[in-house]
Amino acid sequence: MSQADGQVFDDPSAHDWRLLSAGRLTPAAGDARYDVENPATGATLARVPDAGAADVAATVQAADDAAAGWAGTDVRERAAVVRRLADVLDQHVEEIARLDSLDGGFPLWMMRKDIGTAGDRMRMFADWALHLRGETIPSSTGNVHFTERVPFGVVARIIAYNHPGMFGASKIAAPLVAGNTVVLKPSDLTPLSALRLGELWAEHVPAGVFSVVSGSGVETGDALVRHPAVRRIAFTGSPQTGRAIQRAAAESGVKDVSLELGGKNALVVFPDADLDAVVEGAVKGMNFAFAGQSCGSTSRVLVHADLAAELVDRLRQRLEKVVAGAPFDDGVTMGPLISAAHRDRVAAHVRTALDDGARLVCGGDAPAGGGHYYPATLLDGVEPDMRVARTEIFGPVISVLTFRTEQEAVDVANGVDFGLTASVYTRDFDRAHRMARAMRAGYVWVNDTSTHFIGMPFGGVKESGVGREESMEELLGYTQIKSYNLVLR
Ligand code: NAD
């Protein structure tokens with residue numbers, strides 16, 4: 001079976017991975033490559049192109065050359081192309097999911113769901129093509145004033161490692177439908193599914209309209225951000241990198257930057273809450289399938305002091321049922337962390353918490369061995385000013401804090417630099433509304449966690465980001481308004 005037949009890549013090391021640049025599958029200049037690791041074993045999985053500044057420049061140039069033609073393509077045809085890409089994705093769900101499991105360590109069942117979500121979101125943006133409309137405005141009598149939404153040109157789409165295929169597919173749809181060309185840069189840690197999408201999609205989009213560049217360090221992304229033809233940058237990743245991108249963007253031009261960044265999300269539990277639902281919500285909210293490597297992880301459980309002992313005990317029992325293991329093994333509910341360095345960071349956060357006075361309820365010690373595993377960990381007695389209560393750990397670690405009054409719950413929930421998501425568990429309708437309003441977060445659930453409802457804007461406030469995705473706001477965010485004034489004589 002040839003590569004083009006859509007085979008499942010059980011051995012990515014045997015594959016000749018290429019960039020998609022100017023419509024061609026091509027090695028990086030000088031055939032530069034770097035190793036991608038399997039986090040479940042620590043072994044090298046594949047060698048992929050290491051794009052440098054020259055590769056990025058050539059890719060962006062081709063994307064810029066294609067921009068006018070794509071912007072001038074009928075919007076329904078652009079939507080049809082995106083639908084075609086979604087169809088191709090659907091035909092390769094198993095393969096893309098397996099690649100994500102291999103280089104991200106995420107359980108296969110979860111990756112299948114993730115890739116399915118990507119197709120749904122791509123079609124949502126395609127369905128909205130005709131909503132890219134302007135307005136007529138009665139600014140003066142006798143004349144005609146109207147606006148149009150026009151694309152930026154080349155969009156740089158830089159993504160994080162934790163949903164490689166889902167982000168790689170779903171986050172290119174809105175800018176393409178809006179009439180931009182897109183250069184996708186996957187995480188250096190998990191580039192395989194994006195590179196494979198480049199191969200699968202190359203024949204379905206005009207040359208230069210969609211490109212993929214992988215690279216080992218900051219150089220690839222930085223060169224992309226700084227390229228003068230890139231005027232719109234959409235980034236998903238850490239606050240630290242988000243700021244570096246804002247700086248680089250400002251140093252290289254006047255650019256529009258949207259940022260989907262980290263979280264330290266609160267799950268607030270009132271005494272009238274359904275505790276069974278809280279326990280399931282806390283586990284679902286932590287996204288253990290991703291070993292807690294999720295921007296929306298509900299890593300702070302704020303519980304009324306009267307309920308704390310019971311909830312901690314029930315959470316412990318539930319966390320002890322989390323099954324860590326290799327992504328293809330049956331019954332696995334949590335994979336490894338992405339790298340040895342990240343596992344060491346998570347372990348250091350937990351040690352710091354214990355030094356600061358938190359109590360370890362379960363987990364907390366990384367097993368020896370090849371894979372980068374870390375157990376589901378529960379910390380009790382966490383105080384709002386402890387480092388573990390304020391820092392995004394991006395691992396399977398829940399901190400339990402307590403409160404006595406509703407105002408205290410609000411103050412603690414909002415008292416961190418982040419503001420991505422928040423969850424409130426209560427059966428009291430009025431309190432639910434008050435709390436939801438009071439939470440300084442971009443996405444709030446009452447009596448739920450984690451679920452992204454299709455079409456609902458997702459994004460954060462404060463250090464969690466700027467801009468909204470997964471919604472009409474995302475589509476419109478890839479356009480600028482142009483005003484026309486027809487003065488009639
Ligand atoms: P990261 O910031 O380390 O890397 C993200 C991407 O930026 C990667 O593709 C990386 O190669 C690239 N990059 C690194 N330095 C760069 C630079 N100087 N210029 C341009 N690009 C650069 O993030 P990560 O470790 O991959 O992901 C984890 C973070 O992402 C967490 O903070 C998590 O909360 C956040 N995240 C947020 C969302 C959201 O929707 N809000 C979703 C997923 C992940």
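Mentor: Start with one pair. In this predicted model, a salt bridge joins the side chains of Asp-222 and Arg-226, at 3.0 Å from N to O.

Trainee: Why can side chains like these pair?

Mentor: Side chains of opposite charge can pair when their charged atoms come close. Here the helix matters too. Asp-222 and Arg-226 both lie in helix H8, residues 218-226, and are 4 residues apart, so about one helical turn separates them.

Trainee: How many salt bridges does the whole structure hold?

Mentor: A search of the whole structure gives 31.

Trainee: Which parts is the protein divided into?

Mentor: There are two domains. Domain 1 covers 3-261 + 465-484, and domain 2 covers 266-456. Taken over C-alpha atoms, the centres of domain 1 and domain 2 are 30 Å apart.

Trainee: How many residues are in contact between domain 1 and domain 2?

Mentor: Count each side. Domain 1 puts 34 residues in contact with 28 residues of domain 2.

Trainee: What area is buried between domain 1 and domain 2?

Mentor: First the general idea. The size of an interface is often given as the accessible area lost when the parts come together. Between domain 1 and domain 2, that buried area is about 2,300 Å². Carbon and sulfur atoms give 64% of it.

Trainee: What is the count of salt bridges between domain 1 and domain 2?

Mentor: It is 0. Polar contacts are another matter: 7 residue pairs make them between domain 1 and domain 2, both residues at pLDDT 80 or more.

Trainee: Which helices supply at least two residues each to the side of domain 1 that touches domain 2?

Mentor: Helix H3 (93-104) and helix H4 (108-127) do. H4 gives the largest share of that side, with 8 residues. By class, the side of domain 1 that touches domain 2 has 15 nonpolar, 10 charged and 9 polar residues.

Trainee: What is the mean pLDDT of the protein?

Mentor: The mean is 96, and 98% of the residues reach 70 or more. Now look at residues 1-6, where pLDDT is below 50. Beyond near neighbours in sequence, this stretch has 9 contacts in the model. Where pLDDT is low, the predicted coordinates should not be read in detail.

Key:
Residues are numbered from 1 along each chain as its sequence is written. Side-chain values use heavy atoms; hydrogens and water are left out. Domain bounds come from an automatic or database domain assignment. Contact means heavy atoms within 4.5 Å. Buried area is the accessible area (1.4 Å probe) that two parts lose on being put together, summed over both. A salt bridge is a side-chain nitrogen of Lys or Arg within 4 Å of a carboxyl oxygen of Asp or Glu. A polar contact is a pair of N or O atoms within 3.5 Å; within protein, one must be able to donate a hydrogen and the other to accept it, and residues adjacent in sequence count only if both atoms are side-chain atoms. Ala, Val, Leu, Ile, Met, Phe, Trp, Tyr, Cys and Pro count as nonpolar, Asp, Glu, Lys and Arg as charged, and the others, Gly among them, as polar. pLDDT is the predictor's confidence in each residue, from 0 to 100.
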